Amino acid sequence: MTWCYDPRQSYEHNLAHGPSGPMAGPGVPVPEAPPRHAFLGEMLHSPFGIAAGPLLDSAYTTAALRHGFDIAAYKTVRSAAHASHPFPNTLAVHVRGRLEADRAEPLLADSELEHATSISNSFGVPSQDPDAWQPDMAQAVAAAGDGQLLLASFQGTRQRSGGMAAYTADHAATARLVAETGARVLEMNLSCPNEGTGALLCFDTAAVARIAGAVKDAIGDLPLVLKLAYFRDDAALRAFVEATAGIVDGYAAINTLPARLVDRDGGPALPGEGREVAGVCGDAIRWAGLEMTQRLARHREELGQAFAIVGVGGVLDASHYASYRAAGADAVMCATGAMLDAGLGRSVRALDS
């Protein structure tokens, strides 16, 4: 197994033992040429990196940066400790071709990971307490070299009381904690399908506009990117962009596509309540990420906006990166691709040089 995150082990084990496989080994040479790619006020060797998910702490982000992924997203943090879903979290998902966004039929998911190109992502957005993640994130920020960026992912947590006002305040408070680490770009996760809740926050345009405004008030001029799910309805995406483009600095799309996962007996593939449906990453969702990138680029042009677009989903090799850039992405992120291939960052750097 060469994966940087070992899917045969629990989230807690992976967090305690750092990256696995080649990602734990020596890095790649630093480019001799100065960084030449502009992204949200930063100059990067390559506008390519690893999305929020596989990089659990500074040990992972530092390893990713050292291996030529010039954007490293620190896994999403919260305002208080939050446990991971129980093991297993990452299974091979057997799907032919692309995973349709409205698929009703279940998909087989199992531990046959050796040749997997599409996988489950069922963690439930775990987080350490800020007393642990704040100093560690500060170390991660400091480890980013010239031409590199630590992207800090965060999200709010629904409170037991206080309704939307408390939820909004928690987003702002968490963003403020992130800003205190020295992070130069923040990403707000609005799109995790693995928490057992119904509609994703990114589909509530009014709530997002309110929350994003509060977050920007809390962090000032620091760039803020919103992480989105796949929007089936383009008119809804257009309305979302119109409502938020004047507040935030960019959009990242997509997170995952949800699917009902079963074992070979037809039972739930993942144990525990609320896990019948899980996010699917990898090759099967690339079409959705590319489509969202193209649509966001079109809306940007038609509305005369200048927001950044981060294309995410199914980037397994350098040609997929090139496809996202051609579709209008200012930066591109991978997750499954980096888990499978520690050399992907170097490959994209070579393509971009």
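Val 312 stands opposite Met 333 of strand β15 in this predicted model. The model was read with local features requiring pLDDT of at least 70 and side-chain atom pairs counting only at pLDDT 80 or more, while totals for chains, interfaces and linings use all residues. Residues are numbered from 1 along each chain as its sequence is written, and side-chain values use heavy atoms, leaving out hydrogens and water. Strands β14 (residues 308-312) and β15 (residues 331-334) pair in the parallel sense over three bridges; pairing requires at least two DSSP bridges, and strands are DSSP runs (E, at least two residues), as helices are (H or I, at least four), numbered from the N terminus. Helix α8 (residues 318-327) packs on the sheet and touches β3 (48-50), β14 and β15, contact being heavy atoms within 4.5 Å.

Stepping back, eight strands close into a barrel with parallel pairing, in the order β3-β4-β8-β9-β10-β11-β14-β15.

The structure also holds two cavities of 30 Å³ or more. A cavity is a set of points on a 1 Å grid over the protein atoms alone where a 1.4 Å probe fits but cannot get out, and lining residues have an atom within 4 Å of a point. A volume is the space filled by probe spheres set on the points, which are joined across faces, edges and corners. The largest cavity has a volume of about 420 Å³. Among its 37 lining residues, Ala 52, Gly 53, Asn 121, Asn 255 and Cys 281 are the closest to the centre. The second largest cavity holds about 80 Å³ of space, and β4 gives the most to its lining, with four residues.

Methods. Axes are lines fitted to C-alpha atoms, for helices over the stretch in contact, and angles run from 0 to 180 degrees between N-to-C directions. On a 1 Å grid over the protein atoms alone, a cavity is a set of points where a 1.4 Å probe fits but cannot get out, and a pocket is an open set with protein on both sides within 12 Å along at least five of seven lines; lining residues have an atom within 4 Å of a point.
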